[in-house]
Amino acid sequence: MATGVWLAGGRGSVAVTSIVGATAIKAGLADPTGCVTELEQLRSPALPALTDLVFGGHDPASTRLCKKAEALADAGVVPARLVAALTDELAAVEPEIRPVPAAATQLETAALIAEDIAAFRFRHGLERVVVVNVSSTEPAAAAHPAHADADALRQALGEPGTVLPASSLYAYAAFTSGCSYVDFTPSTGARLPALDSLAHRHAVPYAGHDGKTGETLVKSVLAPMFAMRHLRVRTWSGTNLLGGGDGANLADPGANAAKATSKQRVLGETLGYEPQGNTRIEYVDDIGDFKTAWDLITFSGFLGTSMRMEFTWHGCDSALAAPLVLDLARLTAAAHKSGRTGPLTELAFFFKDPLGAVLGPATSDPRSEAARTDEAGSAQDPARAERAPAGTVPHALAEQWALLASFVRGLADA
């Protein structure tokens, strides 16, 4: 079941780590540690094998894959021995990571993106292609009337100007070329009513958003503990330090705000209330592709006794994210093959801000809960009104795991 993985941001750290990892596993040089789809509970013949994944993508950078992989090895992200052993394999992928197309209008640009994906699929005889966004985080998208309707969106994209952010334009190109889409970033991606309608129109699924790899992963385990023990969390504040390209990008206030908002959502959803405190993200160039998070939690117990908890998480961002990218490509491809259409809410396990609703036409801010309608689309779409309403997707990791395991079993039965 040869399956394409088209990476928006294909020369970035997460993308190259994913490519190196999948190639090393295929060559028998590495184990799939970190890939949850290789656990016994999730292993399924319905999923394409890791060895069947074929990589391509777009990136505005021109750094060759081998050079980027060597830089990641120097930084301690991937083993240098693997990069040395996979020189020929990485060179074979090199021509498949192409410059980002540009045209006079966004509609023409989307058509060029779709052409590149279609040509990639034809060259490799792929059964299907999953488009995965691992590019830099964007600020929240500015509202536009065309975000509410697929036909209006197409018309607006044909006019000069910017209607969609890059993440959403890739979703548009993916859907119109019959491909599924995964947003591993906190960017807008497919979370617009017009794009949801387009996904249904072309019978393709999508997933997202913002991969859960560090501090929020720990929150999704600890927050249910406080809730189940009936302990009142008074404050929960965190400081995140990270370097690398992602850290540099998050030095931008708009991108930083989008990321911080995504990271906080798990607390309100799990606890049922918002404790005081916030999440700060700071760029520290010297720590490179690694990140450190420090959280302080204060809470009340029996008779109001005050207590506190602290934790520190130190991890390698790309090494934590890459196996999840491979998992999501396999799961989304299998969902597409099984006939699933629209948001894959069962993949919440992988995301900080998982899909559980699609915005209504009132706003295009993917973080505005008040403006959300049912998860399948806007109020003008009554045919899909019986699907789960906003807020029903679990944020506790154990519940998300159970939902994911059930989803994989269903794929095997399809």
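This passage describes the fold, the packing and selected side-chain pairs of one protein chain.

The model is predicted. The protein chain contains 13 helices and 11 strands. It has 414 residues, and 56% of them count as buried. The accessible surface of the chain comes to about 16,500 Å². Carbon and sulfur atoms hold 55% of that surface.

The largest nonpolar core has 59 residues. Within this core, L7, F55, L347, F350 and L404 have the most contacts. Helix α12, spanning residues 317-338, gives the most to the core, with 10 residues.

Neighbours within four places in sequence are left aside here. F350 is then in contact with V36, L324, L328, L331 and L404, among others. The contacts of F350 also include D210, G211 and K212, as well as D327. L404, one of these partners, is itself listed with F350 among the residues with the most contacts inside the largest core.

Aromatic side chains were considered as well. The structure holds seven aromatic pairs. One of them is formed by F226 and W236. The geometry is edge-to-face, with 6.0 Å centre to centre and 75° between the planes. This pair links distant parts of the chain, 10 residues apart. F226 belongs to helix α9 (residues 215-228), while W236 belongs to strand β7 (residues 232-242). Buried means under 20% relative accessible area. F226 has a relative accessible area of 1%, so F226 is buried. W236 also counts as buried, because its relative accessibility is 1%. Elsewhere, F175, Y181 and Y206 form one aromatic cluster. A charged group also meets a ring: the charged end of R232 sits over the ring of Y273, 3.6 Å from its centre.

Strand pairing is illustrated by β9 and β10. Strand β9 covers residues 290-300, and strand β10 covers residues 306-316. The two run antiparallel and are joined by 11 bridges. S300 has S306 in β10 as its bridge partner. The two strands form a hairpin, with five residues between them. In the turn, L303 has a positive phi of about 65°.

Notes. Residues numbered from 1 in each chain as written. Predicted model: local features only at pLDDT ≥ 70, side-chain atom pairs only at ≥ 80, totals over all residues. Heavy atoms only, no water. Helix = DSSP H or I, 4+ residues; strand = E, 2+ residues; numbered from the N terminus. Buried < 20%, exposed > 50% of the residue type's maximum accessible area, 1.4 Å probe, protein only. Areas by Shrake-Rupley, 256 points an atom, 1.4 Å probe, with all protein chains shown as cover. Phe/Tyr/Trp six-rings, centres within 6.5 Å; stacked < 30°, edge-to-face > 60°. Lys NZ or Arg CZ within 6 Å of the ring centre and 35° of its normal. Core = buried A, V, L, I, M, F, W, Y, C linked by side-chain atoms within 4.5 Å. Contact = heavy atoms within 4.5 Å. Pairing = 2+ DSSP bridges.
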